Amino acid sequence: MSGLRTPDVLVVGGGLVGLTAALVLRHHGVSVTLVERRAGTSPQPKARRFHMRTMEIFRELGLAGLVHEAARDLAGHDHMAAGRTLAEARQLPLWQPAGGLAAEVSPESPCLLAQDALEPLLRAAAVDAGADVRFGTPLAGLEQTAGEVVGRLADGEIRARYVVAADGARSGIREALGITRSGRGAIGGPSVNVYFTADLGEVVRGREFNLCQIEHPDAPGGLASVDGRYRWVFMSPGGETGRDWPARLRQALGVPLPDLEVLSVLPWQAEMLVADRYSDGRVHLAGDAAHVMPPYAASGANTGIADVHNLGWKLAAVLRGEAGPGLLDSYDAERRPAGWFAADQSARRTDSFKRGTPDPALAHPYVLAAGGFQYTAGALVPDGSEEPVLDFAPAGRAGTRVPHRWLDDARTRSTLDLAGPGWAILPGGNRVDFAGTGECLLLRPDHVVAWRGRGAGEAAKVRAALLAAGGCIEVDGRAAADSGTV
Ligand SMILES: Cc1cc2nc3c(=O)[nH]c(=O)nc-3n(C[C@H](O)[C@H](O)[C@H](O)COP(=O)(O)OP(=O)(O)OC[C@H]3O[C@@H](n4cnc5c(N)ncnc54)[C@H](O)[C@@H]3O)c2cc1C
């Protein structure tokens, strides 16, 4: 086809997840082409909360500073608010986490930045990183052979070794591959997001918020800050898009809105569905293509970004010939349970919010926000220790994100900075001896503890064994490592 390369990886979809996939792959030195059918990035703000874990991934990619800078309008807008109308709303006390503040949990703070502002930033960064990014380029079909994947575009073909299908909730690729989904399906009724501009700076001054619950009986909904002053989203229950939105917004906000302009109205339905397989041959699903979840735990895009962070180093290792293709099986083994967990927690959070009663099966919010989910099978050597599922108690167990500790007194370098794009060995002892055992940790390129044991030499052997075995050591690898057989 005209002007297109034959990349190692074809990414389909230029949303948050596809763009991050392109960035992660470039970070690992992989050639990548991204095709996106839309002419531009998302016109709707949708996702606005990016967790610590996502910011750690952006930190590794050298983008955290840029993202925080872009998010400065909403810095400090962490409160919730509630009232009959915006005019009557009061700021609610800030939620305080049990078990440590964000600053002790991660080298990065979470941020509030609307998706329609973040996507252009990621798109520009992906182009700068050398990705071949093609908007206005729909993929019409895919065929797999033993050695490659051939994609059909309007003006020809594109050939790649692997495909990352980040083509969204209605993924045509997932459907064409016949990959079914399981889960609760629709959660609650339909909603619409009304994206509008109005200068509300004076109205909200001194009681700034992330989300304000409007309790007006005739115009209930959630008012989300997009830039904290001019740009807003009103989330209204009910699926009708054709209402008199200016009149309804005036009712909900309870203030005159002389400069009100409704930009767009997006109907959406919260759903909990997870693909029954994340991979089919050379094609790997990521993001909403693999899982959809209600937005109340702000985890849809965050989970998708973690998917491609996991997949990226594995594709790179296989493409470089460092690992056998079996390593890619660990993508499904690790990320599908993680996707299910995030989707289930998001559904529970929604139920609990709507009922107004706590759910005992709800995890500490940092489990989702700071990568507290443990992989129990995959490219790792299980060490027999289980991370609590609902509590946030990181201790460097195999299959978990390495806990954060500053490595220097100036607090510039974290344990999270050791790995990525390469592997790392974190020696035991002193300030980073999480388990108090003196064991060293073998860290994968995605900051996940692959093995815990004695001796850097053993760690190097385990790494080689993990890659050579295709990444899935199901046996007691610790015993194998100790006995020097790997
Ligand atoms: C109201 C709301 C609030 C939310 N808040 C949050 C939040 O705070 N935090 C959070 O993490 N998540 C949140 N989410 C979820 C988040 O928006 C999604 O999880 C995220 O956008 C998914 O990104 P994606 O890249 O996987 O998919 P998408 O953003 O859907 O991108 C898929 C892309 O693929 C393209 N595409 C599809 N088919 C083709 C094709 N054949 N060829 C080429 N391109 C194709 C599409 O045009 C699209 O651009 C929210 C969602 C909603 C609705």
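Modeller: A polar contact is a pair of N or O atoms within 3.5 Å; within protein, one atom must be able to donate a hydrogen and the other to accept it, and residues adjacent in sequence count only if both atoms are side-chain atoms. This is a predicted model, in which local features need pLDDT of at least 70, side-chain atom pairs count only at pLDDT 80 or more, and totals for chains, interfaces and linings use all residues. Residues are numbered from 1 along each chain as its sequence is written, and side-chain values use heavy atoms, with hydrogens and water left out.

Begin with the backbone. A polar backbone atom of L16 is 3.4 Å from an oxygen atom of the ligand. For V17, the distance from a backbone N or O atom to a ligand oxygen is 3.1 Å. G300 also has a backbone N or O atom by a ligand oxygen, at 3.5 Å. On its own the ligand has 1,000 Å² of accessible area, and the protein covers 89% of it; such areas come from the Shrake-Rupley method with a 1.4 Å probe, and for residues only the protein chains shown count as cover.

Helices here are DSSP runs of H or I with at least four residues, numbered from the N terminus. The largest share of the shell, 3 residues, is that of α9.

Now take the whole shell. The ligand is surrounded by 30 residues, and the closest are E36, L139, D288, A301 and N302. A residue is near a molecule if one of its heavy atoms lies within 4 Å of it. By type, the shell holds 12 nonpolar, 10 polar and 8 charged residues. Ala, Val, Leu, Ile, Met, Phe, Trp, Tyr, Cys and Pro count as nonpolar, Asp, Glu, Lys and Arg as charged, and the others, Gly among them, as polar.

Helix α9 also contains H309. H309 is buried, with a relative accessible area of 5%; buried means under 20% relative accessible area, with a 1.4 Å probe and protein chains only. The side chain of H309 makes a polar contact of 2.8 Å with the side chain of E60.

Definitions and conventions:
Helix = DSSP H or I, 4+ residues; strand = E, 2+ residues; numbered from the N terminus. Buried < 20%, exposed > 50% of the residue type's maximum accessible area, 1.4 Å probe, protein only.
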